[in-house]
Amino acid sequence: MSTVLRHMFSGIVAAFAVAILLGSIVYTIFPIDNWDFLLQKHLLDIPVAFVLPFLVFIMGAFFGLNSGITSRKQLNSINRTLKSIEDGRQVDMKEVQSLELRTIAKRMEGIQKQLGEKIRQSQKMATEKAVDQEKRIQQIISQERNRLARELHDSVSQQLFAASMIMSAINETRREEDSRETKQLKLVEETIHQTQLEMRALLLHLRPAALNGKSLQKGMEELLQELLQKVPIELKWKIETIPLAKGVEDHLFRILQESVSNILRHAQANKAQILLVQRDDLIILRIEDDGVGFKMDQEKTGSYGLQNMHERAAEIGGTLKIVSLPGEGTRLEVKVPILKAGDDGNDQSIISG
């Protein structure tokens, strides 16, 4: 039986009970000798004896129906509130309180707060777990890349160096003659030499240097000096001393590493220029080479591995622009705005100190 029907039935029963009680009181105070008048008196051509019970029935049903509808609204409101709490949504308890169910509303509010606190704790734990797991993964990746770089350097790189020395000695002892065999041997020597360059670039990519507390200027200069000693490419640079936040320095340094690695592996360049300057409210990192270049629509395919550099530039609020033409080299330029204290609303700055 539904709530409304139960309340209607209870209302009818209560109405008849009240009617009988009132009738008994009236009869006790005013005794009636002749009950025939109930059948003789008519209301709308219906004897009063039938009208009175009908009126009692109608009144009981009406009040029961009204009470049942009100109770059903209250139960539906409680049900919706509990469903919202079950789904994890924040609920305003005013709707329940307006139905005069303050005790239930307070208990539901307490349950909601407890669930909300448990959800926050769970999310916090999940976030901390994800961050810790990501750090562990990055550490494992870094260790594995270093291990692979060491093995390549100790085995393949050394063997390539030995093969290059052997081929160079063979070509030097051979007579200068335009023979097919001499050309093939020189081609083999050039191939080994090119493979060495690609191997050095790959080692740089696998085991990139880190700033390790050094300034961006010093870290960049040390990296470029090391490349000059290992790679036959003409490098020129102009690097200004710019005090920057640690995160900005790290991202700019990694962009330089990635760019130089791409030049050594793909550009076939003879010269490269690096520029790091501050102009007005911008930090500019520009890297140019005279290599083979590429068509700009190839950038979308990631053939130069540029996606990582785009992401790093975006993470520090900067932009990365690339201009390249086949046979005319490539220019990569990163611009990072300088935020002074208070410019971002949080009294933070990308300038250190």
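Predicted model: local features only at pLDDT ≥ 70, side-chain atom pairs only at ≥ 80, totals over all residues.
Local features need pLDDT of at least 70, side-chain atom pairs count only at pLDDT 80 or more, and totals for chains, interfaces and linings use all residues. Residues are numbered from 1 along each chain as its sequence is written, and side-chain values use heavy atoms, without hydrogens and water.

Colleague: How do α8 and α9 run against each other, roughly parallel or roughly antiparallel?
Modeller: Helices here are DSSP runs of H or I, at least four residues, and strands are runs of E, at least two, numbered from the N terminus. Axes are fitted to C-alpha atoms, for helices over the stretch in contact, and angles run from 0 to 180 degrees between N-to-C directions. α8 (246-267) packs on α9 (307-315) at about 165 degrees, axes 10 Å apart. Angles over 145 count as roughly antiparallel, so α8 and α9 are roughly antiparallel.

Colleague: Which residues of α9 make the contact with α8?
Modeller: Contact means heavy atoms within 4.5 Å. From α8 come Asp250, His251, Arg254, Ile255, Glu258, Ser259 and Asn262. From α9 come Asn308, Met309, Arg312, Ala313 and Glu315.

Colleague: Which are the edge strands of the five-stranded open sheet?
Modeller: Two strands pair if DSSP finds at least two bridges between them. The order is β3-β4-β5-β7-β6, with mixed pairing. Pairing on one side only are β3 (234-239) and β6 (319-324).

Colleague: In β7, which residue is the bridge partner of isoleucine 283?
Modeller: β5 (282-289) and β7 (330-337) pair in the antiparallel sense over eight bridges. The partner of isoleucine 283 in β7 is valine 336.

Note on methods: Parallel < 35°, antiparallel > 145°, perpendicular 65-115°, else oblique.
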